[in-house]
Amino acid sequence: MVSNRFVLKRLLLLFPVLFGVATVVFAILHLSPGDPAVVIAGDRASQEFVEQIRSDLGLDDPLWQQYVRFLGDVATFDFGQSYQVNRGTQVSQILVDRLPITIELALLGQFAGLLFGLPLGILSAVKQDTWTDHLTRVGALSGISVPIYWSGPLLILLFAQFLGILPTSGRIGSEYFIEPATGLILVDTLLAGNVPAFQSAVVHLLLPVVVLGIYQMALLSRMMRSSMVEVIRQDYIRTARAKGQGSKITVMKHGLRNAFIPVITVIGIQFGSLLGGAVLTETVFEINGIGTLLVDAISRSDYPVVQGTVLVFAVLYTLVNLAVDITYSVLDPRIEQ
Amino acid sequence: MSTETQTGTVDRSIVERLRASPFLSQLVSNRLAVTGLVIIAVVVVVAIYARFTYDLSNLMATQFGTNPSEAAPSIEYPFGTDGQARDIFPRVLYGAWYAVLYGTVTVAASTFLGVGLGIVAAYYGDLTDNVIMRTMDVLLSFPSLLLALALVTIFPEELGLWRAVGALTLVYTPRFARVVRGAALKVLEDEYTDATKALGATDPRLLIRHILPNCLAPITVQSTLNYGLAIIDIAALSFLGFGASPGEPTWGMMLSNGVEFGLFSGAWWWSFFPGLLLALTVLGFNLLGDGMRDALDPRMRETVD
């Protein structure tokens, strides 16, 4: 059983990390050479107008005052208003609207990666050093080496352009309008009871999920293989075999349970690359998640949006790793020591 | 109790034997690692050849009138031409130079910084250790590509692709610091460290002459695996519009332009070949890194990211 003290300790450790994360974001934005006041005012604004905006934003205050105010704002989820991307809209509102889109994509990609990666890894380990194993390993290494921004466009070219069986971009056909309830398009279309819209969403998400999933599949199958290879050599597996248990049952019952533990940690660590992959996937498939939002905001110097987006990404990553740590300790109580 | 100590010593002698000389022979017997090494060697040769054969300004200039625009691959233009009528083949070869140069600087810089921080943290311990490693923890709490995207903005735009190098160096440094700190702590437990200290070695001498060489194995593996990642991430930043300036023959930039302007009007070769070379190069580093890890210690499991 996992003790409450362990969970509490991990939760308390969250605060210094989040504090550090916020500090890094503050530092990055203050080190940037651009001037937010000029961005808001526009290139042709008068010097007085720029000065006016600067004092309105509090950019004339001493740095420590700005820092304290920033921490206060972050703690209350107030990231200010967008200058450029969605001029005048609260950044927190933009994030609420667009975060579910990225989460849905990331979850589906992760799911696809697990669905194919784990069985491949197990197969590779059980058939260690055979052709199946070599092929799977080279396949996995290739999957990690192929950039999403190359495989994505090529798949669009093949399936959308040449074969014409899948759409090129977006999350759903433009003829459907679905009132966002959860923000997850697959859930929302089902809630609305609109089956054609659901089908359209599935068809639209297929390629992005495949592209994102290939990378996850490659990583997970590698991890599953090395974990499984190690477990298969353990004494308790030999004991189980010696007791007359068939090799398939042994692998499934004793091997899998133990081999899966390190894989869970990797899912946590790799969540960062999953989010990075989601940003690239969104750009390639023109999906309006927070990945495209961030890229857009950086290229247009929309500092509040950059701030909010980067913070949300970091918090998401940190929380997933916290959840993974706790899951890990449930599966393997020794970890608490 | 006694059995535990026994297995402990057995394990250690195995690791040490692997570490000593059979490393190279084991690496060479690993066909995948050798394939990786061959790929890397070819890319490096191509990079140097392209750097000293082609004139960069000539590769960047539009070639209307000289070449046809968006011509399909042929004997004359093996990889076709792009929208500015530039021959893609020499541009892709020159892209290898960019990848090798910028990848090397990124990996070298983050290795240098990470090794320094990791060893200092392990050796001095206490407050120094805490300050360094907690800072590294915070940097590791960001998804790497996203932190790189944010960090790119702190460098002035004139720096071009060097912005990506700077940002990624800061992103990768914590990984090296972590790996090196762990390895250095293990070395510090060994008796010879005490012996060296007793002989009156100074801190810098102990760190550089005795502790660093014993951490080289994990550093090398981490560097190799990170090499592929650096090349793919630099290209990703270029693809997203941060880094290379328009017209520069980097793989990321060619890919980005090719996808945007050529792919769906039929000129697939414009983005296909830069992407293919990029993927092959990264695969080379991943094959070699993977093989090295297996050769050093089959139990040492680190992930690519």
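Hi everyone, let me start with one helix: 10 of the 12 residues of helix H12 (residues 251–262) of chain B are buried, so this helix is largely enclosed by the rest of the structure. By buried I mean that 20 or more other C-beta atoms, placed from the backbone, lie within 10 Å of the residue's own; 12 or fewer makes it exposed, and in between is partly exposed. Helices here are DSSP runs of H or I with at least four residues, strands are E runs of at least two, and both are numbered from the N terminus.

Some housekeeping: this is a predicted model, so local features need pLDDT of at least 70 and side-chain atom pairs count only at pLDDT 80 or more, while totals for chains, interfaces and linings use all residues. Residues are numbered from 1 along each chain as its sequence is written, and chains are lettered from A and ligands numbered from 1 in the order in which they are written.

Back to H12(B). Its buried residues include Trp251(B), Met253(B), Met254(B), Leu255(B) and Asn257(B). What covers them? The cover includes H7 of chain A, along with helix H5 (88–124), helix H11 (216–239) and helix H13 (269–296) of chain B.

Let's look at how those chain B helices pack. The axes of H5(B) and H11(B) are 9 Å apart, at an angle of about 135°. That makes H5(B) oblique to H11(B). For reference, under 35 degrees counts as roughly parallel, over 145 as roughly antiparallel, 65 to 115 as roughly perpendicular, and the rest as oblique. Contact means C-beta atoms, placed from the backbone, within 7 Å.

Now H11(B) with H13(B): their axes come within 9 Å and cross at roughly 165°. The two helices are therefore roughly antiparallel to each other, and this crossing is left-handed. The residues of that contact divide into 13 nonpolar, six polar and one charged. Here Ala, Val, Leu, Ile, Met, Phe, Trp, Tyr, Cys and Pro count as nonpolar, Asp, Glu, Lys and Arg as charged, and the others, Gly among them, as polar.

Over to chain A, which has 13 helices and zero strands. Its C-alpha trace spans about 85 × 55 × 40 Å along the principal axes, and 39% of its 337 residues count as buried.

How many residues does each chain bring to the contact between A and B? Chain A gives 43 residues and chain B gives 40. On the chain A side, H11(A) supplies the largest share, 10 residues. By class, that side has 30 nonpolar, 13 polar and no charged residues.

Finally, the largest nonpolar core. It holds 164 residues, of which Leu294(A), Leu146(B) and Ala148(B) touch the most other members. Helix H9 (residues 195–232) of chain A gives the most to this core, with 19 residues. A nonpolar core is a set of buried Ala, Val, Leu, Ile, Met, Phe, Trp, Tyr and Cys residues joined through C-beta atoms within 7 Å. Setting aside residues up to four places away in sequence, Leu146(B) touches Leu275(A), Gly276(A), Val279(A), Leu294(A), Val310(A) and Phe313(A).

Definitions and conventions
Contact = placed C-beta atoms within 7 Å. Axes fitted to C-alpha atoms, helices over the stretch in contact; angles between N-to-C directions. Left-handed = near helix turned anticlockwise from the far one by under 90°.
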